[in-house]
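Please read them beside the structure.

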Amino acid sequence: MLRTPLLALLCTACTPEPDLVVYCALDQVFAEPLLARFEKETGLDVQMHFDTEASKTVGLVRRLIEEKDQPRCDVFWNNEIAQTVRLAELGMLATYDSPSAADIPPLFRDPQGRWTGFGARARILIVNTDLADPAEIEGMWDLLDPRWKGQVGIARPLTGTTLTHATALYSVVGEEKAGEYLSRIQAAGAQGDVNICSSNGQVMTLVSSGELAFGWTDTDDFNVARAKGRPVAAVYPDQGGIGTLVIPNTVAILKGAPHPDAARRLVDWALSKEVESAMAHSDSAQIPVRPDVSRPAHVRSLDGFEVMQVSYVAIGKQIAKRTEEFKELFVR
Amino acid sequence: MSRPLVALCLLAAGIAGLAPLAVMAARVSPADLATVLDARTLDLLGRTLALGAGAAVLAFAAGVPFGFLTARTNVPGAGLLRPLGVVPLLLPPLVLAMSWIVLVDLRGAALAILILAAGTFPLVAVFTAAAWERIDARREEAALLVGGSWAAVRMGFPLVLPPALCGASLAFVFAINDFAVPDYVSSLGPKFNVYADEVFATWQIDHADGKAVATALPLVALTLAFLLPALALRRSGSLATVDGDFRRPAPLDLGRWRWPAAFACAALVTLAALVPVGRMLWEAGGGAQGWSVAGLRGAFARAIELCGDNLAASLGYATSAATVAVPLAFVLGHALERARRGRLFEWALVLPVAVPGILFGIGTIVLWNHPLWNAPALRGLGVASFYTGGGLVVLMWTGRFLAFPALVASGAVASFDRRLEEAAELAGAGPIRRLVAIVAPGLWPSLAGGWTLVFVLAMRELDAAILVPAANETVMIRLFNGVHFGRDDFVAALALLIVFVIVTPGLLWSLFARRRMQVVA
């Protein structure tokens, strides 16, 4: 009786050792073809592990932390920056000054060479043009405007880019104003005046289906609605004020990575202009951080709007502490 | 009973299910425990209790009549309605939520309760149906002679109530551990947070690993507080009234109430299972943008092209885990019922199910990626490569879900005539032979049911799938990535594929389970 299950167990127990292990938080649907291209170009066997944002899971960052004493991952390709800085602060990232990063602006490079940013998303307000005039919406405080009571949404700032955004506000508008803004959002959420959604993707879905007039999301989510022909527009918020937050992808090599040479090859490749351009031309419409990288017309240039001036290192250093505060505030 | 065999199975269950929890428990300090409960978290616990109670009460209210009508009466279509009634339990709750949120103008706690009740009423119905079927025809005939059908129902209800409550307890446990549904359905309107959100969020905070484990303890305690009474009901023998002289009763005649009863059952199945599946079919075919067969075909083709490998990986892991779990569960379930101190390890079997998936998943990676395995003396064991292989996924899911087939097997052993085993023993059959040749043939429908439970739960698992390397290829991750990215037709087609894969063995089990009484009797 035990023979069959034991055989089944043995059949699934062994996997061949890969040449490179990548943990990737960029949406699988975009990242997988890119990494497959890298495999084809280099002949390396890449083992890919992907994250998921839509569920309430504890994802790849937690796995990296738990594997710290015996790293399994070579390269962490994050679709945002704050958690990467957090890993750097925990002493988990190796130093590597990639030649491909030479022309990436210093804002998107760690001074100590532990991570590099590329292909970014902007935090925007997605507006349903049947329900609201985008010209009437200027920025973050519009969410609390009584005119839009019950018609606006934001993802709960406990994960992903919303968490990074909420953390960034503290360094940009100051402790008091950021605290007031988030407290008022929470209070309005408890009343149903502001809709606290499960993810940025859901904000996009609710706005594009007309259930909400506008809400916070990222440019990649916005582009999904745009490509489907939904009646939506993107408002790059707070132009003339604090500017629009831009959150780059980041790539980093783990300290003690099992395959360091292959890891460096991947980092060089990922930071190339070709890959950044491919990300801009994909459905995720990532904004190149280098002005001379080719992009389609619907992807804005970083020169084309006022970018929020933030220290990503400062955000990353704060993010764990802020998460605790946001948990106290929003999980109630 | 073979003590070495039981000890071996206990060891396997301990390694797969308890060792990851022990690793995590070691992180907790008294200071962590002291900070867990405050006014805010108590409030969350209160809401969670309300959510669980609401779902359990509704599941009880729907499941008891459904189980009774489809198992014991001449309601038209019972043969089809009964297996269809299991389908909602097999659907991922978030898939139910995704369907219902666009169909009803209800949000927040009320919708969460409705969805969780719709997804868990089959637990009550299955227990209720099985209990009605265990009532001996002679008892029922006596009641019929005295006072007709109503008297038969009144006679049977006290016997059916404990198992029905057992099902409701399980519905409660499922509901309080779900946080994706309350979060999703309160995306519009006032936010409805539950305690499981707290467990999840605490893991995001650095230097709070002990607290993160401690935060899960109230939920674990609440889960055990409802699971253990359910087990006590089973132990008391309330769930096992069949003996070797059992005679199956004839279906009760509902008279002019036959068709209204059939309509009520069909309505329940339609709302809980067919509407969500229909909604997904509509979305997969193009939905509001214009439904077409070509669109439907295209969505399925894309889902298979992009996620066929993931579906195959999930199928492989879930099938392997179920196949490994069932023999262990059979031995342990038998020992639970027959061994003198069998009950002592019942709680240990249940514990891995009672903890949140996040905790179990992290415990698994911490245990199996420990630097100790790379020590020169242990390197030869190959644990380092085991960590990245599918074997760890199979082991993890076996450990986490073993309790279900073990309890099912134990319940079936309780219904199994002990005299048959005693006769075989007198004839000289050893303990292993008695298990394999005498007990197993009588229990196979229950073992098939246990296999199905592990298979379904493993197919649906998400939290641990993110954390354990090889589980990252599973189809649930692709589905949730699709949900995030708003690819409606592709997501709907993929969800339907997953539902089909999950439901098929469940339906087969449901058909087999109907023959259990014949096999046992």
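1. Chain A has 11 helices and 9 strands; helices (H or I, at least four residues) and strands (E, at least two) are DSSP runs, numbered from the N terminus. The radius of gyration of chain A is 21 Å, close to the 20 Å from the globule rule for 332 residues, so chain A is as compact as a globular protein of that length. That radius is taken over C-alpha atoms, and the rule is 2.2 Å times the number of residues to the power 0.38. The C-alpha trace of chain A spans about 65 × 55 × 40 Å along its principal axes.

2. This is a predicted model, in which local features need pLDDT of at least 70 and side-chain atom pairs count only at pLDDT 80 or more, while totals for chains, interfaces and linings use all residues. Residues are numbered from 1 along each chain as its sequence is written, and chains are lettered from A and ligands numbered from 1 in the order in which they are written.

3. Of the 332 residues of chain A, 56% count as buried. A residue is buried if 20 or more other C-beta atoms lie within 10 Å of its own, exposed if 12 or fewer, and partly exposed in between, with C-beta atoms placed from the backbone. For chain A, 75% of the contacts between residues at least 6 apart in sequence join residues at least 24 apart; a contact means that the C-beta atoms, placed from the backbone, lie within 7 Å.

4. Chain B has 24 helices and 0 strands. The C-alpha trace of chain B spans about 70 × 65 × 50 Å along its principal axes. Of the 521 residues of chain B, 57% count as buried, and 84% of contacts between residues at least 6 apart in sequence join residues at least 24 apart.

5. At the interface, 55 residues of chain A are in contact with 58 residues of chain B. Elements of chain A that give two or more residues to this side include helix H1 (3-13), helix H2 (28-42), strand S2 (46-50) and helix H11 (312-330). The largest share, 6 residues, comes from H1(A). By class, the side of chain A that touches chain B has 20 nonpolar, 20 polar and 15 charged residues. Here Ala, Val, Leu, Ile, Met, Phe, Trp, Tyr, Cys and Pro count as nonpolar, Asp, Glu, Lys and Arg as charged, and the others, Gly among them, as polar.

6. The largest nonpolar core has 286 residues, and those with the most contacts inside it include Ile126(A), Ala55(B) and Ile115(B). Such a core is a set of buried Ala, Val, Leu, Ile, Met, Phe, Trp, Tyr and Cys residues joined through C-beta atoms within 7 Å. Helix H13 (residues 293-338) of chain B gives the largest share of this core, 20 residues. Leaving aside neighbours within four places in sequence, Ile126(A) is in contact with residues including Val203(A), Phe214(A) and Val232(A).

7. H11(A) bends by about 50° at Ile319(A), the bend being the angle between axes fitted to the seven residues ending there and the seven starting there. Ile319(A) is among the buried residues of H11(A), as are Arg322(A) and Lys327(A). The buried residues of H11(A) pack against helix H4 (82-89), helix H5 (160-173) and H6 of chain A together with helix H10 (195-202) of chain B.

8. Two helices of chain B also deserve a look. In H20(B), a kink of about 65° lies at Ala440(B), shortly before the proline Pro441(B). Helix H1 (residues 3-25) of chain B bends by about 45° at Leu18(B), and Pro20(B) follows within four residues. Pro20(B) is one of the buried residues of H1(B).

9. Asp238(A) has a positive phi of about 55° although it is not a glycine, and Asp238(A) lies in the loop between strand S8 (232-235) and strand S9 (246-253) of chain A. Asp238(A) counts as buried because it has 21 C-beta neighbours inside 10 Å. Ala285(A) has a positive phi of about 50° and, with 26 C-beta neighbours inside 10 Å, counts as buried.

Terms used:
Two residues are in contact if their C-beta atoms, placed from the backbone, lie within 7 Å.
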